[in-house]
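This report describes one protein model in running text. Please look at the sequence and the structure below before reading on.

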Amino acid sequence: MTALAGATLLAGTAIAAELNIVHGSVGRDQEILRAQLDKFEAETGHTVTIVSMPESTTDQFAQYKLWLAAQSSDIDVYRLDVIWAPQIETHFIDLMPHVEDIIGDFVPGAVESQMVGDKLVALPMFLGAPALYYRSDLLEKHGKAVPETWQEMTETARAIMEAERAEGNADMWGFVFQGAAYEGLTCNAQEWIVSFGGGRIVENDGTIGINNPQAAEALTMAASWVGDIAPDGVLNYKEEDARGVFQSGNAVFMRNWNYAYALGNGDDSPIKGNFGVRTLPTGGEGKPSAHTLGGWHLGVSKYSENQEEAIELVRFLNNYENQKERAIVTSRPPTLTAVYEDAEVAAEQEFIPLWKPVVDGALPRPSAATKRQYNEVSSEFWTAVHDTMSGNGTAEENLAKLEARLKRLKGAGW
Ligand code: GLC
């Protein structure tokens, strides 16, 4: 191969492209992506550079909007949060004509989440449905059952935390989760509220019913955790902060996404073999539990000068082999239905088939209902929750304010 001013001539055929893919990395995401990009480069002769983003999806969204508004051709492929499609679809090409031969293999709900009208904004890469991670060794040691309800979880967390501290384990906490003022808190708080019967932030038909006693009860409970079973610092915790505490052995329970499973069982993990997962607790007997739908998907920028190669890359990263590898190494739920049934995946990463029903039943955030306004809606919501947990107003006061703000945002309609 001869290098020609920035391009490479491949066996006398195509000119190799230089692509940029942008994504936010949590856990081992970037490491596995790089390994798969190396394979792509070897197979195609193209080169792909990773443009790395901060962990927080909220920070990523702010940066992406700047690039997209500037119609920047610097980024060819964006890894997009499941909630963004309705807000940024105009900046992305319609992938449907380029994936018609494979789209039937994908989990239908995942595809649905990336459709705006007839347009496929991003090809689903991996899904997310959280779990309650618990320290099985500590539950056993202290003779406690895996809790079913949030109330039981709170009591068990406190009892074990206090007993462990009394034994000299001064750094022990009861429960860690994502409590910072960002999108992750919206995911957590939607789960608490729905499990108490308080409904969605905005319902599917666009109505705003969030100012209700069940929602207030859920938020009051969450506020009571701060400084009791959860450290004050939880008000600044994102995914990796929570995992850091749990994986180092200093929390009894954790709410987190699927990626924490493989890492918790890694050879270097102090809690390897000593934790389990269950569905998130319910709001009480006869009440449901709820799991917010997460996931990240690959879109091709309309402003990319290498669209054809970018499409090739998106297809490659989402092919069977790569999804299977990602599922095994990172315990991220795949978007290809068949990978859930793969015997090797089941043998090497039992969490994937185990969590399939939870992923299937996961609850979307109201991004479709609130259309272009979702980010504002979510930001108002997490602010109300964060204020309540910080002791800045009661749940009732903050929900009343939230309702007024959402009504103003909605105006005559979403
Ligand atoms: C995870 C989810 C994503 C969500 C984010 C919130 O990355 O996959 O959908 O928005 O967490 O922190």
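Helices (H or I, at least four residues) and strands (E, at least two) are DSSP runs, numbered from the N terminus. The model is predicted, so local features need pLDDT of at least 70 and side-chain atom pairs count only at pLDDT 80 or more, while totals for chains, interfaces and linings use all residues. Residues are numbered from 1 along each chain as its sequence is written, and side-chain values use heavy atoms, with hydrogens and water left out.

Most residues other than glycine have a negative phi, and most peptide bonds are trans. Buried means under 20% relative accessible area, exposed over 50%, and partly exposed in between (1.4 Å probe, protein chains only).

**An open sheet and a helix across it**

Two strands pair if DSSP finds at least two bridges between them. Four strands form an open sheet with mixed pairing, in the order S10-S11-S9-S12. Strand S10 (173–176) and strand S12 (275–278) are at the edges and have a single partner strand each, so one side of each is left without a neighbour in the sheet. From one strand to the next, the twist averages 15 degrees. Strand S9 (residues 131–135) is joined to S12 by four bridges in the antiparallel sense, and Arg135 stands opposite Phe275 in S12.

Helix H10 (residues 239–247) lies across S9, S10, strand S11 (251–256) and S12, and runs at about 155 degrees to S11. Such angles run from 0 to 180 degrees between N-to-C directions, and the axes are lines fitted to C-alpha atoms, for helices over the stretch in contact. Contact means heavy atoms within 4.5 Å. Which residues of H10 are buried? They are Glu239, Ala242, Arg243, Val245, Phe246 and Gln247. Their cover includes helix H8 (183–195) and helix H11 (259–264), as well as S9, S10, S11 and S12. Gly249 follows H10 and has a positive phi, near 95 degrees.

**A covered strand**

In strand S13 (residues 294–300), seven of the seven residues are buried. Gly294, Trp296, Leu298 and Val300 point one way from S13, and Gly295, His297 and Gly299 point the other way. S13 runs antiparallel to strand S5 (residues 77–81), with five bridges between them, and Arg79 stands opposite Leu298. Strand S8 (residues 123–128) also pairs with S13 in the antiparallel sense over five bridges, and here Pro124 stands opposite His297.

**A buried histidine**

His23 belongs to strand S3 (residues 18–24). Is His23 buried or exposed? His23 counts as buried because its relative accessibility is 2%. Leaving out residues up to four places away in sequence, His23 touches several residues, including Asp29, Leu33, Tyr64 and Arg79. The side chain of His23 also makes a polar contact with the side chain of Gln30 (3.3 Å). A polar contact is a pair of N or O atoms within 3.5 Å; within protein, one must be able to donate a hydrogen and the other to accept it, and residues adjacent in sequence count only if both atoms are side-chain atoms.
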